[in-house]
Amino acid sequence: MKKICIKYNLENPLSLLYIEMSKGKWKKLTTTAVHKYWTTRINEEIMYYSSLKYIPTSLFKVGKIHPLALANSANQRDINRIPIRIKIATGTYILQTNRAAYNQNNVDPTCKLCDQAEESLSHFLLCCRALDQIRTPILKNIICKSSELLALQHSNIQLDIMQLIINPFHYAGSVESENDISCRIEPLCRQLIYNLHNKRYEILSKMDLISSRRKMNFKVS
Ligand SMILES: [Zn+2]
């Protein structure tokens, strides 16, 4: 208890024996102290995590769900898209380049889907030809709707497509309201990421199946 109080810069718990405090006041005091501690810590440390470069600290509010993780509706299809969306936004979605960087074995970072370049996040989201069919119509729609929102505000800022897809709330200050992004852009970004993920998974599963069949045939013959 004493350690926790020191960590959150709260008074020594023994002093509570002498200071009369209501349960509500104590709860408010501790909640404020805990929120303050984590806000400061996260804001100070976020710069050291390159995987979080698309998440600006200005949108971070302890005790509130980040808009990237909020369900826009009770629609189960939309809710299912959130976990993959969050993995992409926080850099925890595993691609070949991550495998190559963190695996002790020698892993080839080349994209297995197209075999044309390293499978980085930008390759997966914007360049991989094997995913073009899924990507093109949704991406066009995202760019079109975002440009419309910026034009309405007479804003001439340049859109960074990666930033836009990974965290469109970065542009919340440049459009009329955060709500515009929640309703019009974020659902499309979620749809894009989820559909790309599903297509990638489908292609990789087929490849694995073919490769395991080949191995079986080889053993039999
Ligand atoms: Zn590729």
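Start by selecting S51: does S51 count as buried, partly exposed or exposed? This is a predicted model, and in it S51 has 13 C-beta neighbours inside 10 Å. Buried would take 20 or more and exposed 12 or fewer, so S51 counts as partly exposed. You'll find S51 in the loop between α2 (23–45) and α3 (76–89).

Now show what S51 touches. Leaving out residues up to four places away in sequence, its contacts are T90, G91 and T92. Click on G91 while you're there: just after α3, G91 takes a positive phi of about 70°. Then pick the C-alpha atoms of S51 and I88; they sit 37 residues apart along the chain, yet 9.3 Å separates them.

Next, colour α3. Its end C-alpha atoms are 21 Å apart, which agrees with the 20 Å that its 14 residues should span at 1.5 Å a residue. Look along α3 for a kink of about 30° at I82, shortly before the proline P83. To see the buried residues of α3, select R81, R85, I88 and A89.

Last stop: I165. Setting aside residues up to four places away in sequence, I165 touches L125, I142, C189 and L192.

Conventions:
Residues are numbered from 1 along each chain as its sequence is written. This is a predicted model: local features need pLDDT of at least 70, side-chain atom pairs count only at pLDDT 80 or more; totals for chains, interfaces and linings use all residues. Helices (H or I, at least four residues) and strands (E, at least two) are DSSP runs, numbered from the N terminus. Two residues are in contact if their C-beta atoms, placed from the backbone, lie within 7 Å. The expected span of a helix is 1.5 Å times one less than its number of residues. The bend at a residue is the angle between axes fitted to the seven residues ending there and the seven starting there.
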